[in-house]
Amino acid sequence: MSNTSENPKPSSSSAKMTLKTSDNELFEVEEAVAMKFCTVKQYFEDEKDSDVAARGSTTVIPLPNVHSAVLATLISYGKKLPQSNAVADNHEEEETKKKERKKYEQGLLKNLMPGELLDLISAANYLDFKEGLEFFNQALADHIQNKSVEYVRKFFGIKNDYEPHEEEKYREEYAWAFEGVDED
Amino acid sequence: MRKKQKTTPPPPYSTNAEESDLFDGLPDDLVVFILCKVSSSASSPSDLISILFTCKRLNRLGVHPLVLSKASPKALAIRAKNWSESAHRFLRLCVNSGNIEASYTLGMIRFYCLQNRGSGASLMAKAAIKTHAPALYSLAVIQFNGSGGSKNDKNLKAGVALCARAAYLGHVDALRELGHCLQDGYGVRQNVAEGRRLLVQANTRELASVLRARSVSPDPGLNGSGCGLLSDFGCDVTEPETHPVNIFLKEWFGSGCDGSGLRMCSHVGCGRPETRPHEFRRCSVCGAVNYCSRGCQALDWKLRHKVECMPMERWLEENNGGDNGGVGGGDGGGGGGEEEGELN
């Protein structure tokens, strides 16, 4: 995962905000993208209420629960989403953008470790990043689809806290559901 | 509302040794969210069920009403040969969580397979009230045939009303059924033009959904070889996908002949059995096949029956050396098989 902390630019058409991660890295993000993180949005709006003079570029928003690598991924995903304030594109442009996004999403998921995916989900939940949460949760669901119980345990790092006889009982009871499940 | 939350943030990109902490670090509501996604995109029951005995926590969260209510139709696609009390319990659990697909599925199974007409119908009604199109259509078929009761329990007007609501939702079989009812003035004032329009609409919708499915999966042989659907018009299109519960019914009733002499609908994708002798209509040309509804009859004609339908008299003649040639039988397309309107 590459760090995509942007170089500070002189104030452009869109306001920027600075986010600080748990490992003290600073990320400058466009307001439009940062607003997709509802936690950030809430913080920003609270700040605005308390101090009228403070604008996004001078306020640093701390995110103690998010590591820089994770935030980098979430930001780059957020940038690829259709912006809410964007001018409506014509149909063709929309289609190309959609295709680009799909390719980006596939590339993103291809090399993702289970631990990384869970980190991303956790962070997206903390940031209240709805689209990110939807996307990564779906990716997780897709991944464990049609896999055996052992695979799911290994993937999540779950400790099996069932006694052997309990587990046997469950397997028997639910035998009706199992047909053609692939092993890892 | 978070039920459980760890105060320390999980270490970033953990190694294998620390993975067990990672899962524990996810709060319950987040796990439920993930499980909802698993259940709504499950392609078979095992996807969802295998979650239930991974560990105690997932067992508890996996049967959360929110997760079960989102279970996809395929997650509830139980095979008839695997039917058991446990499967029955699971479906009931899903019904109670508000899953209308489960209501419909269990309703059909109870009505036809377990012969519990009242409970089955009320479960289907529960789904129908929530505008579940297949449930509305199935209830219509029951009304048209007076299934579960006598011949006098047929209620054509009710059938048409239910069909109309399903058709309004775009249900292809219902559109077809309603189209035929209008053409024949069956349960509703005759309106041939309107009936024809609906039949065309049914065809178009069916074609559209098949094309859509095809564009998703480029393999042309996915649903078996192209069959007779729309073959009247020179189009080679595969059959539409059947609902899991129809597959269940089909398997349950096996070859279609049991001791009681009750027949099954001859349309391959239907699976409905008669609930009393001579309940279903049969092909007036050959008399060898039976259908629960006009819709099934029309579809089966195009898919299969058209080629094999032969009037009884003609068959007898040919076996007698054809000494009486030319008598009997409708021309191709007439008789038992109803013709659909042409696609423009």
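1. Salt bridges between the chains. In this predicted model, chain A and chain B share 2 salt bridges. One of them pairs A:Glu134 with B:Lys37. Their closest N and O atoms lie 2.7 Å apart. That sits inside the 4 Å limit for a salt bridge.

2. Polar contacts. How many residue pairs are in polar contact across the interface of chain A and chain B? The rule finds 12, with both residues at pLDDT 80 or more.

3. Which helices of chain A supply the side that touches chain B? Helix H3 (68-80), helix H5 (114-127), helix H6 (130-144), helix H7 (149-156) and helix H8 (164-173) each supply at least two residues. H6(A) gives the most, with 8 residues.

4. Residue classes on that side. The side of chain A that touches chain B holds 22 nonpolar residues. It also has 12 polar and 13 charged residues.

5. Extent of the interface. An interface's size is often stated as the accessible area lost when the parts come together. Here the area buried between chain A and chain B is about 4,100 Å². Carbon and sulfur atoms give 62% of that buried area. Chain A brings 47 residues to the contact, and chain B brings 44 residues.

6. Chain A, the fold. Chain A has 8 helices and 3 strands. From the N terminus, the order is β-β-α-α-β-α-α-α-α-α-α. Of the contacts in chain A with a separation of 6 or more, 61% join residues 24 or more positions apart.

7. Chain A, burial and surface. Chain A has 184 residues, and 41% of them are buried.

8. A:Leu19, buried or exposed? This residue lies in strand E1 (residues 16-20) of chain A. Its relative accessible area is 0%, so A:Leu19 counts as buried; the cut-off is under 20%.

9. A:Leu19, the neighbours. Leaving aside residues up to four places away in sequence, A:Leu19 touches A:Glu25, A:Leu26, A:Phe27, A:Val29, A:Phe37, A:Val40, A:Ile61, A:Leu63 and A:Leu71. A:Ala34 is 15 residues from A:Leu19 along the chain. The C-alpha atoms of A:Leu19 and A:Ala34 are separated by 8.8 Å.

Technical notes: Residues numbered from 1 in each chain as written. Chains lettered and ligands numbered in written order. Predicted model: local features only at pLDDT ≥ 70, side-chain atom pairs only at ≥ 80, totals over all residues. Heavy atoms only, no water. Helix = DSSP H or I, 4+ residues; strand = E, 2+ residues; numbered from the N terminus. Buried < 20%, exposed > 50% of the residue type's maximum accessible area, 1.4 Å probe, protein only. Contact = heavy atoms within 4.5 Å. Buried area = accessible area lost by both parts, 1.4 Å probe. Salt bridge = Lys/Arg side-chain N within 4 Å of Asp/Glu carboxyl O. Polar contact = N/O pair within 3.5 Å; in protein donor to acceptor, adjacent residues only side chain to side chain. Nonpolar A, V, L, I, M, F, W, Y, C, P; charged D, E, K, R; others polar.
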